[in-house]
Amino acid sequence: MAHFRRVVRGIQLSSRQEKIVKMVKEEGPITGEQIAQALNLTRATLRPDLAILTMTGILDARPRVGYFYRGRIGPPLGELFKEYKVKDFNSVPVVVKDSTSLYDAIVTIFMEDVDTLIVVNEKGFLEGVLSRKDLLKITLGKMDLYKVPVSVMMTRMPNVITVTPEDSIYSAARKLVEHEIDALPVIKPVNDNGKTAFQVVGRLNNTNLVKLLVELSEA
Ligand code: ADP
């Protein structure tokens with residue numbers, strides 16, 4: 001979370017600058033002279049702080065009126081989304097083996113409180129994904145929940161849409177929207193006996209993005 005705050009705010013204010021912002025917010029408009037007096041400092045000492053605060057747009061200065069608070073001006077949301085990386089916001093992946101029964105998959109969905117399960121092969125490499133609707137389909141047929149493995153119902157490789165930890169949040173969000181899916185396995189390609197396999201290192205879903213939006217709105 002500390003990392004998140006640093007990224008969101010973009011600039012770090014010194015404790016003196018924070019004090020000035022608080023004072024102007026509560027008492028503004030207030031002159032530089034008055035701020036200096038309240039902090040027991042000279043006007044000259046304060047000058048660089050006031051310059052930074054007005055340059056960043058946090059404070060505004062009007063001649064003969066003084067300083068008043070404008071707010072923290074950060075980069076636009078779109079810029080942040082392109083800058084933020086999947087690895088900073090993804091969750092722990094919830095995986096099941098491809099031989100897991102549909103019954104156990106349903107239990108896992110409830111136990112782990114997830115919408116999408118990531119399916120791996122016996123070596124732990126990405127094999128497919130299984131959503132709630134995939135599981136709901138079982139109710140239409142006469143399959144034996146205890147015997148049929150998830151591999152029968154899952155969406156399998158190479159059709160699984162994935163992201164890497166270094167991908168931007170924007171590109172991940174785009175994939176979720178374009179493919180009308182709820183979750184993306186976060187993967188790292190590895191060499192498996194001369195073939196490329198995909199290690200599952202995380203999952204990124206709609207909830208991660210909504211949480212990020214809420215954090216950004218409150219930052
Ligand atoms: P739900 O089934 O709850 O609506 P989704 O919209 O995520 O959830 O899934 C819709 C379909 O897309 C399912 O058949 C599922 O297997 C598939 N799916 C889900 N996630 C992915 C993904 N990352 N890549 C490819 N297909 C996916």
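Q: Which helices and strands are among those that cover the buried residues of helix 8?
A: This is a predicted model: local features need pLDDT of at least 70 and side-chain atom pairs pLDDT 80 or more, while totals for chains, interfaces and linings use all residues. Residues are numbered from 1 along each chain as its sequence is written, and side-chain values use heavy atoms, without hydrogens and water. Helices (H or I, at least four residues) and strands (E, at least two) are DSSP runs numbered from the N terminus, and contact means heavy atoms within 4.5 Å. The cover includes helix 5, strand 7 (183-192), strand 8 (195-205) and helix 9 (206-218).

Q: Within what arc do the buried residues of helix 8 fall?
A: Buried means under 20% relative accessible area, exposed over 50%, and partly exposed in between (1.4 Å probe, protein chains only). In helix 8 (residues 169-178) the buried residues are Ile169, Ala172, Ala173 and Leu176. They line one face of the helix, because the arc, taken from the directions from the helix axis to the C-beta atoms, is 100°.

Q: Which elements do the buried residues of helix 3 pack against?
A: Gly32, Ile35, Ala36 and Leu39 are the buried residues of helix 3 (residues 32-39). They sit on the same side of the helix, because their arc around the axis is only 100°. Gln37 and Ala38 are exposed on the other side. The buried set packs against helix 2 (15-27), helix 4 (43-55) and strand 2 (66-69).

Q: How many residues apart in sequence are the parts tied together by aspartate 115 and arginine 132?
A: A salt bridge is a side-chain nitrogen of Lys or Arg within 4 Å of a carboxyl oxygen of Asp or Glu. Aspartate 115 and arginine 132 form one, with the closest N and O atoms 3.6 Å apart. Aspartate 115 is in the loop between helix 6 and strand 4 (116-120) and arginine 132 in helix 7 (residues 132-136), so the tied parts are apart in sequence by 17 residues.

Q: Is aspartate 192 buried or exposed?
A: Aspartate 192 forms a salt bridge with lysine 123, at 3.0 Å between the closest N and O atoms. The pair links distant parts of the chain, 69 residues apart: strand 7 holds aspartate 192, and the loop between strand 4 and strand 5 (126-131) holds lysine 123. Lysine 123 is partly exposed at 45% relative accessible area. Aspartate 192 has 18% relative accessibility, so it counts as buried.

Q: By about how much of the helix are glutamate 26 and lysine 22 separated?
A: The side chains of glutamate 26 and lysine 22 meet in a salt bridge of 3.6 Å, N to O. Glutamate 26 is exposed at 55% relative accessible area, and lysine 22 is exposed at 51%. They are four residues apart in helix 2, so the separation is about one helical turn.

Q: What distance separates the centres of domain 1 and domain 2?
A: The bounds come from an automatic or database domain assignment. That assignment gives domain 1 (4-74) and domain 2 (86-211). Taken over C-alpha atoms, the centres are separated by 48 Å.
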